[in-house]
Amino acid sequence: MGPLGLSNTFGCALCAFALLHFLKILAMNKLCSLGFVATLALVASQTPALAHVVLQDGAAAANTSYRAAFRVGHGCDAEPTTALRITIPAGFNAAQPMPKAGWTVSTKVGPLATPYESHGKKYTEGVLEITWTAKGAENALPAAYYDEFVVRGTTPAKAGPLWFKVVQSCPKGSNDWVEVPASGSSTKGLKSPAALLDVLDVQAAGGHAH
Ligand SMILES: [Cu+2]
């Protein structure tokens, strides 16, 4: 494959196939690393959905205990992440944050939109927001790294999409992952979608949510 194959590759660099094609050419022709890096950067900039703030496991059974691991895949451009605030959606009950070394964690407790009962006790108040804040600049999450922030809670009894709005703070500014589609669960076309949990209409094994 000669220069013609190379220009064809750049011409259709939008698709993953082109990247594979390019890597194949690279292996065959040993192209300079500069062009390789440029192409990787191009492909990366076209697949933002792979980054954002998303849930590690995006689906869970209704009315069951669920470990929500929020994956932070990048900073605010080149800036590190210094804090992460998660709004607990109505119906996601008994939310508990997992402490994180190097970060302080705080919760905002208030009246619930939908009170619930657990073990014969009625709950009208609950955790509405969870915030992790880096204890110092050295604890902030560098933009080139990824990390997870974990919350445990009980999924709603009703199936359907559940959106967790997340604000990612950096030294200068923030990324607000708060966009929710008018209906359905597709984040297509959304620039900064909230983190999606697909609550499924299946009986969890045991069916006893704590
Ligand atoms: Cu992203």
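The structure is a predicted model, in which local features need pLDDT of at least 70 and side-chain atom pairs count only at pLDDT 80 or more, while totals for chains, interfaces and linings use all residues. Residues are numbered from 1 along each chain as its sequence is written.

The chain contains three helices and eleven strands. Helices (H or I, at least four residues) and strands (E, at least two) are DSSP runs, numbered from the N terminus. Along the sequence, the order is α-α-α-β-β-β-β-β-β-β-β-β-β-β. Two residues are in contact if their C-beta atoms, placed from the backbone, lie within 7 Å. Among contacts between residues at least 6 apart in sequence, 68% join residues at least 24 apart.

Strand E7 (residues 121–134) takes part in two of the pairings described here. Two strands pair if DSSP finds at least two bridges between them. Strand E4 (residues 83–87) pairs with E7 in the antiparallel sense over five bridges, and strand E6 (residues 103–118) pairs with E7, also in the antiparallel sense, over twelve bridges. Threonine 131 of E7 is the bridge partner of arginine 85 and of serine 106. The hairpin of E6 and E7 has two residues between the strands, and histidine 119 there takes a positive phi near 55°.

A residue is buried if 20 or more other C-beta atoms lie within 10 Å of its own, exposed if 12 or fewer, and partly exposed in between, with C-beta atoms placed from the backbone. Buried residues make up 26% of the 210 residues in the chain. A nonpolar core is a set of buried Ala, Val, Leu, Ile, Met, Phe, Trp, Tyr and Cys residues joined through C-beta atoms within 7 Å. The largest such core has 30 residues, of which Val53, Phe70, Ile86, Val166, Ala195 and Leu197 touch the most other members. The largest share of this core, four residues, comes from E3. Leaving aside neighbours within four places in sequence, leucine 197 is in contact with Leu55, Gly58, Ala60, Ala68, Leu162 and Phe164.

Two loop residues complete the picture. Most residues other than glycine have a negative phi. Asparagine 63, in the loop between strand E2 (59–61) and E3, has a positive phi near 50°. Asparagine 63 counts as buried because it has 20 C-beta neighbours inside 10 Å. Aspartate 77, in the loop between E3 and E4, has a positive phi near 55°. Aspartate 77 is exposed, because 10 other C-beta atoms lie within 10 Å.
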